[in-house]
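Dear colleague,

Please find below the structure that I am handing over to you. My notes on it follow directly after.

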Amino acid sequence: MDTQSLETLTEQVLSKLAQQPKGALRLFHGRGRCFTGLEQITVDWLEGQVLIALFKEPTPDELDTFNEEIISWTRKAEWRDSKAQSLLLQHRSRDKSPTECLWGDYQKRQVVNEEGLIFQLDLGKNQNSGLFLDMRYGRRWVRENSQNKRVLNLFAYTCGFSIAAIDGGADFVVNLDMAKAVLNRGRENHRLNQHDLNKVKFFDHDIFKSWGKIKKYGKYDLIIVDPPTFQLGSFALTKDYQKILRRLPELLTENGQVLACVNDPNIPAQFLIDGMGDEAPHLEYQYRLANPPEFLDIDIESGLKALIFQKTPDKEVN
């Protein structure tokens, strides 16, 4: 992080603050490798809290210089006009990814509004806050395509897709994730949005031991698959995704859809397209969702891949 790159960071962030951001969105995405020297930095706006994440540990001198630069933001007119409440720094390369408050009033539990949907975030407790901002268009798509549908949300995390589906008029959603704590957060998110919980199920189970329970509530009009790249002892994307893909046809209604996602920068979209062709050939690739413009990336295949597939029973399979 040299002086010039830090000046670029300040210029980029202040220009976004000048637009007086609302809700939850990314102000700066260095991970997209479009800004030399800033590849290990992201900056998010979370309803007035500005969260900076450092993905690589700098030297002590570099960290001092960096902190001095970002604290200088709080003395700028753009910062004051944005009504920012705090400046937080998360050290993602350190054990447990600790977060420190460099300025202002640190709210560890932050409620944010994304396009009218309400989410509770936990800042500083975990590596991730509870809402992946790059999936905003995915949640929007689910919201727009869930009317009167039965939805299965695999690897549900804090149930962002479930929130979007119920808000979009879904009849019923099944959420499955191994971590009970994140599903509990998802249940609270539904309550924040004043949703009818009789329309939502939460199962904290291993997906590979739960097909019977999943089928009990099927078939589904829409299935969402958004797995982690790696989950110790339970899931490795490159060898386990195929096991899920081959199960999809039996779980879907006649014209059911699938939103399948990959967020590993080293795995291209073609991995999913080829995998679906091999394991579930009756599911035809339709299109890829765009990523939000603030997640600018030098290589489109390094960013989030969110692909739509459609079940086509009459498709000829070789």
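**Findings: the sheet and its helices**

Leu87 has Trp103 of E5 as its bridge partner. Please note that this is a predicted model, in which local features need pLDDT of at least 70 and side-chain atom pairs count only at pLDDT 80 or more, while totals for chains, interfaces and linings use all residues. Residues are numbered from 1 along each chain as its sequence is written, and side-chain values use heavy atoms, with hydrogens and water left out.

Leu87 itself belongs to strand E4; helices (H or I, at least four residues) and strands (E, at least two) are DSSP runs, numbered from the N terminus. Strand E4 covers residues 86–91 and is joined to E5 by five bridges, the two running antiparallel. Leu87 counts as buried because its relative accessibility is 0%, where buried means under 20% relative accessible area, exposed over 50% and partly exposed in between (1.4 Å probe, protein chains only). Leaving aside residues up to four places away in sequence, Leu87 touches several others, among them Val50, Ile52, Ile70, Trp79 and Trp103; contact means heavy atoms within 4.5 Å.

The strands E4 and E5 are part of an open sheet of five strands, ordered E1-E2-E3-E4-E5 with mixed pairing. Two strands pair if DSSP finds at least two bridges between them. At the edges are E1 (24–29) and E5 (99–104), each of which pairs on one side only.

Two helices contact these strands. Helix H1 (residues 3–17) packs on the sheet, where it touches E1 and E2 (41–46), and its direction makes about 155 degrees with that of E1. Axes are lines fitted to C-alpha atoms, for helices over the stretch in contact, and angles run from 0 to 180 degrees between N-to-C directions. Helix H2 (residues 60–72) lies across E2, E3 (49–54), E4 and E5, and runs at about 155 degrees to E4. The buried residues of H2 are Leu63, Phe66, Asn67, Ile70 and Ser72, and they pack against H1, E2, E3, E4 and E5.

Helix H4 (residues 136–144) and helix H5 (residues 160–167) pack at an angle of about 30 degrees, their axes being 7 Å apart. On the side of H4 the contact is made by Gly138, Arg139, Val142 and Arg143, and on the side of H5 by Gly160, Phe161, Ala164, Ala165 and Asp167.

With kind regards
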